[in-house]
Amino acid sequence: MENVLIIAEQSGGHLKKATLHAIAAGQAIAGRTGGKVHVALLGKGVGALATELAGYGVTVHAADAAGLEHYLAEAFAPVVAELAKAAG
């Protein structure tokens with residue numbers, strides 16, 4: 001059983017199309033491996049997006065903090081690493 005972790009892309013309170021395509025691909029892979037799809041959502045004020053993502057049947061791991069408002073590797077990398085550990 002292999003889980004799939006997707007890092008959601010969002011901007012201005014909207015999910016990027018690439019995220020939805022990644023979810024579809026992740027669900028196909030997880031269906032073949034018996035795993036689950038986990039989506040990491042990072043940013044500021046992402047609660048509504050987390051709810052939207054959950055509607056796609058995935059497990060959402062949201063990190064909502066002012067320091068995650070802009071895509072910066074220094075801020076995102078440690079959070080993603082912890083989420084990857086949590087997702088298994």
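K85 is exposed in this predicted model, with a relative accessible area of 61%. Its side chain meets that of E82 in a salt bridge, at 3.5 Å from N to O. Both residues belong to helix α3, and because they are three residues apart there, about one helical turn separates them. E82, for its part, counts as partly exposed, at 48% relative accessibility. As a general principle, side chains of opposite charge can pair when their charged atoms come close.

How many salt bridges does a search of the whole structure find? The search finds two. E69 is partly exposed, and its relative accessible area is 43%.

I turn now to the sheet. Three strands make up an open sheet, with parallel pairing, and their order is β1-β4-β5. From one strand to the next, the twist averages 20°. In general, strands of a sheet pair through backbone hydrogen bonds, either parallel or antiparallel. Here, β4 and β5 pair in the parallel sense over six bridges. To locate this pairing in the structure, please find A40, which stands opposite H61 in β5.

Which helices pack against these strands? Helix α1, residues 17-33, lies across β1 and β4, and runs at about 175° to β1. Helix α2 also packs on the sheet, where it touches β4 and β5. The direction of α2 makes about 170° with that of β5.

Finally, I would like to consider H14. This residue is placed in strand β3, which covers residues 14-15. Is H14 buried or exposed? H14 counts as exposed, because its relative accessibility is 58%, and the cut-off for that class is over 50%. Leaving aside residues up to four places away in sequence, H14 touches E9 and L49. Between the C-alpha atoms of H14 and E52 the separation is 9.9 Å, although the two residues are 38 residues apart along the chain.

Methods
Residues are numbered from 1 along each chain as its sequence is written. This is a predicted model: local features need pLDDT of at least 70, side-chain atom pairs count only at pLDDT 80 or more; totals for chains, interfaces and linings use all residues. Side-chain values use heavy atoms; hydrogens and water are left out. Helices (H or I, at least four residues) and strands (E, at least two) are DSSP runs, numbered from the N terminus. Buried means under 20% relative accessible area, exposed over 50%, partly exposed in between (1.4 Å probe, protein chains only). Contact means heavy atoms within 4.5 Å. A salt bridge is a side-chain nitrogen of Lys or Arg within 4 Å of a carboxyl oxygen of Asp or Glu. Two strands pair if DSSP finds at least two bridges between them. Axes are lines fitted to C-alpha atoms, for helices over the stretch in contact, and angles run from 0 to 180 degrees between N-to-C directions.
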